[in-house]
Amino acid sequence: MTLNTALNSETDHSTPRQITLARPDDWHIHLRDAESLKTTVPHAAQSFNRAICMPNLVPPVKNTSDALAYRERILQALQQADIEERYKQSFDPRMTLYLTDTTTVADIQEAAESGIVQAVKLYPAGATTNSVDGVTNLSARNDVFEAMQKHGLPLLIHGEVTDSHVDIFDREKQFVDTTLNSLVTQFPELKIVVEHITTGDAADFVLSQGEHVAATITPQHLLFNRNHLLVGGVKPHFYCLPILKRQQHQQVLLDVATSGNPKFFLGTDSAPHATHTKENACGCAGCYSASIALPLYATAFDSVGKIDRLEGFASQFGAQFYGLPVNEERITLVNEPMQVPDSYAYMDQKTLTPLMAGETLPWSIKHD
Ligand SMILES: NC(=O)N[C@@H](CC(=O)O)C(=O)O
Ligand SMILES: [Zn+2]
Ligand SMILES: [Zn+2]
């Protein structure tokens, strides 16, 4: 752990604390496609080296050739971006396939051999944004899970049940208790990442499993709870799925994220939706955080006095899980305020409102 402490001493409050860490990776991000990439790719590339790019495009990224083509579009946007050359060199988008009712064992084999498909994503049909093509019958995909287990290709899971009678705040727990439990029993060696966990129940489940079961945690689920979403008026920019839960769950997530346990690592779930589609009578689910994610995570870790645990969570544990080296480049975060922009230009004439728009964050990225 490299921690350039520079702690504010009793006598010298002029030196801000700072922390230098191996450059982080984002193990769960939505970059979207086409025009959106002009905004999302430079933001991601300025903070992260590797990024696991979610496949919930319209239509979804279903096979290796879709993934290769999508990666090319991302790289093209990267080359055209107005950012420093070093970020263009270091950004490494990694692809995922969207598991559907028609995914085959041959698709898995091709993906595993491709070198660019890093994982397969399971969306229960109807669970979240762009999940209509998700899986409707999980047990019908057993041969695919078998093949993934054999090839060591991780399954990334949006872990919520979709039954209309299940309360939205209970959907993750229900998924953990039923679907996830039976999946790990049937496929004991399958590498699984329970994505964007939001409950103590999901954290406990991950803790109870072997090394091959891990979880990503978003900045919003560390910093906020459902009061932030609902008290004093509904705040659409805090709305994502799985939905923010009670404060007790937020506390458990903070505990596990800052515990130094390598099963828990960074995945922003940065999920852009144009401002007008969130500030809407039927607002879209997803928080946009790519541009401010590192200051947000630093704020969360520092809030519990654990800034020294950030490097493991942000830069080491995810790489270890995916069997990749830790990045050699470094980044410095400093305890100096930054102002979050009100919005970014997005697509044709549209805007994108980030999480914490217009607010001041206590941590920022140090630019040298
Ligand atoms: N998290 C979200 O609320 N939305 C994501 C989808 C997802 O990750 O579930 C999106 O694509 O917008
Ligand atoms: Zn999801
Ligand atoms: Zn997501």
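This is a predicted model: local features need pLDDT of at least 70, side-chain atom pairs count only at pLDDT 80 or more; totals for chains, interfaces and linings use all residues.

Trainee: How many helices and strands does the chain have?

Mentor: DSSP gives 13 helices and 15 strands. The radius of gyration is 19 Å, close to the 21 Å from the globule rule for 368 residues, so the chain is as compact as a globular protein of that length.

Trainee: And what box do the C-alpha atoms fill?

Mentor: Roughly 65 × 45 × 45 Å along the principal axes. Of the 368 residues, 49% are buried. As for contacts between residues at least 6 apart in sequence, 71% of them join residues at least 24 apart.

Trainee: What does UniProt place at residues 26–325?

Mentor: An unreviewed entry there has the feature "domain: Amidohydrolase-related". That span is 43% helix and 12% strand, and its end C-alpha atoms lie 14 Å apart.

Trainee: OK, the core. Which residues touch the most other members of the largest nonpolar core?

Mentor: That core has 102 residues, and the ones touching the most other members are A44, V120, V194, A215, Y297 and L310. Helix α12, residues 293–303, gives the most to this core, with seven residues.

Trainee: What does A44 touch, beyond residues up to four places away in sequence?

Mentor: D26, I29, L31, A51, F91 and A290.

Trainee: Switching topic: which residues are around ligand 1?

Mentor: The shell consists of H30, N56, T128, T129, N130, H158, C240, L241, D269, A271, A285 and G286.

Trainee: How does that shell split by class?

Mentor: Seven polar, four nonpolar and one charged.

Trainee: Last one. Where is T258 found?

Mentor: T258 is in the loop between α10 (247–257) and β9 (264–266).

Trainee: Buried or exposed, and why?

Mentor: T258 counts as buried because it has 23 C-beta neighbours inside 10 Å, and the cut-off for buried is 20 or more.

Trainee: Which residues is T258 in contact with, leaving aside neighbours within four places in sequence?

Mentor: F301, V304, K306 and R309.

Key. Residues are numbered from 1 along each chain as its sequence is written. Chains are lettered from A and ligands numbered from 1 in the order in which they are written. A nonpolar core is a set of buried Ala, Val, Leu, Ile, Met, Phe, Trp, Tyr and Cys residues joined through C-beta atoms within 7 Å. A residue is buried if 20 or more other C-beta atoms lie within 10 Å of its own, exposed if 12 or fewer, and partly exposed in between; C-beta atoms are placed from the backbone. Helices (H or I, at least four residues) and strands (E, at least two) are DSSP runs, numbered from the N terminus. Two residues are in contact if their C-beta atoms, placed from the backbone, lie within 7 Å. The radius of gyration is taken over C-alpha atoms; the globule rule is 2.2 Å times the number of residues to the power 0.38. A residue is near a molecule or strand if its C-beta atom, placed from the backbone, lies within 6 Å of it. Ala, Val, Leu, Ile, Met, Phe, Trp, Tyr, Cys and Pro count as nonpolar, Asp, Glu, Lys and Arg as charged, and the others, Gly among them, as polar. UniProt positions are given in the numbering used here, feature names are shortened, and annotations may be inferred rather than shown by experiment.
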